[in-house]
Amino acid sequence: MRVALLPGDGIGPEVIAEARRVLDALGLDLTYEEALVGGAAYKATGHPLPSDTLEVAKRADAILFGAVGDPDCDALERHLRPEQAILGLRKELTLFANLRPAKLFPELADASALRPEVAGQIDMVIVRELNGDVYFGEKGMRKTTDGKREGYDVMSYDEDEVRRIARVGFETARARKGRLCSVDKANVLETSQLWRDVVIETAAEYPEIALSHMYVDNAAMQLVRNPGQFDVIVTGNLFGDILSDQASMCAGSIGMLPSASLDANQKGLYEPIHGSAPDIAGQGKANPLATILSAAMLLRYSLAQPQAADRIEAAVARALAAGARSPDLGGTMSTNQMGDAVLAALT
Ligand code: IPM
Ligand code: MG
């Protein structure tokens, strides 16, 4: 089983190192290939997603990804910026289905931005479309006829793109509590009207799933008002990006949420939903649990190792129960000590 390790920028290398220690402790037959990505790759090779890195990702059975983003690179032309590496990997490998589970570990009720009794209800999966939307539409800078600068990004989805992610949403709901909420902005956007129409058509294939629809502004409000109402949310690329950061804080910390980005054959890229956090990079302050939990998802979805995934998830829960807390969780433990705590809790 070949795993590509792409640590990237900022806190990426620190959190990937801890996840690798946990993977190594499981006694599985894994081989690793590591490659540069993001700002680190740009500085070394002149491109944020060098062809060598893309090859490493393509030949792996699964990819464990840290984070990209580097303030040194913010002034570069867009196609050379670190973020293009993750967008390029998602597109090149057709990783269209992004699963972002948000569940409150009971020990972290105090870390949530919500009251504990509200936060305690959180147990959802956000299914985010990852290959389309305003992220990948035509974009640019131009001059208006009266000489003003204008930036533009075209939002669009075709029906096949909506149908394939809708099916992932329905399937995810089927494996859970059977409730799917499709989030859009159909009161304003044509893209969203098509989204809603196609989700409703697709629902005919899943009569046992309770489907609802919600406008994205209302969804943002409901996520803090009553997050327990959500089982599975399916939504587009931009709305999913925003709502998943929000859900993470409701569930305690952005340092806790893993994600899986899957193609049609369960090949996947696994990454924490947080970014490269350059402000704390290299200081041992990052919480590695989101990346460790991403490694568990990797074992479950791409390497068919559900028991190993269970072991990691149970160890994270035990480490938290034993009091392991990084600064984002109100504690003082370093990245490495958090990794130690998970290792100590592995049975
Ligand atoms: C995420 C990130 C990325 C995104 C950035 C780094 C391009 O915010 O994975 O949520 O917007 O998708
Ligand atoms: Mg994001």
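Which strand or helix gives the most to the lining of the largest pocket? In this predicted model, β4 does, with five residues.

## Basis

The model is predicted, with local features needing pLDDT of at least 70 and side-chain atom pairs counting only at pLDDT 80 or more, while totals for chains, interfaces and linings use all residues. Residues are numbered from 1 along each chain as its sequence is written, and side-chain values use heavy atoms, without hydrogens and water.

## Largest pocket

The largest pocket holds about 790 Å³ of space. A pocket is an open set of points on a 1 Å grid over the protein atoms alone, where a 1.4 Å probe fits, with protein on both sides within 12 Å along at least five of seven lines; lining residues have an atom within 4 Å of a point. Its lining comprises 30 residues, of which Pro101, Val125, Arg176, Met297 and Tyr301 are the closest to the centre.

At least two lining residues come from each of β4 (97-103), β5 (123-129), α6 (159-174), β11 (258-262) and α10 (289-301). Helices (H or I, at least four residues) and strands (E, at least two) are DSSP runs. The lining has 21 nonpolar, two polar and seven charged residues.

## Second largest pocket

The volume of the second largest pocket is about 630 Å³. Among its 30 lining residues, Glu83, Ile86, Leu87, Arg90 and Tyr135 are the closest to the centre.

In this second pocket, α4 (83-92) gives the most to the lining, with seven residues. By class, the lining of the second largest pocket has twelve nonpolar, five polar and 13 charged residues.

Key
Chains are lettered from A and ligands numbered from 1 in the order in which they are written. Grid points are joined across faces, edges and corners, and a volume is the space filled by probe spheres set on the points. Ala, Val, Leu, Ile, Met, Phe, Trp, Tyr, Cys and Pro count as nonpolar, Asp, Glu, Lys and Arg as charged, and the others, Gly among them, as polar.
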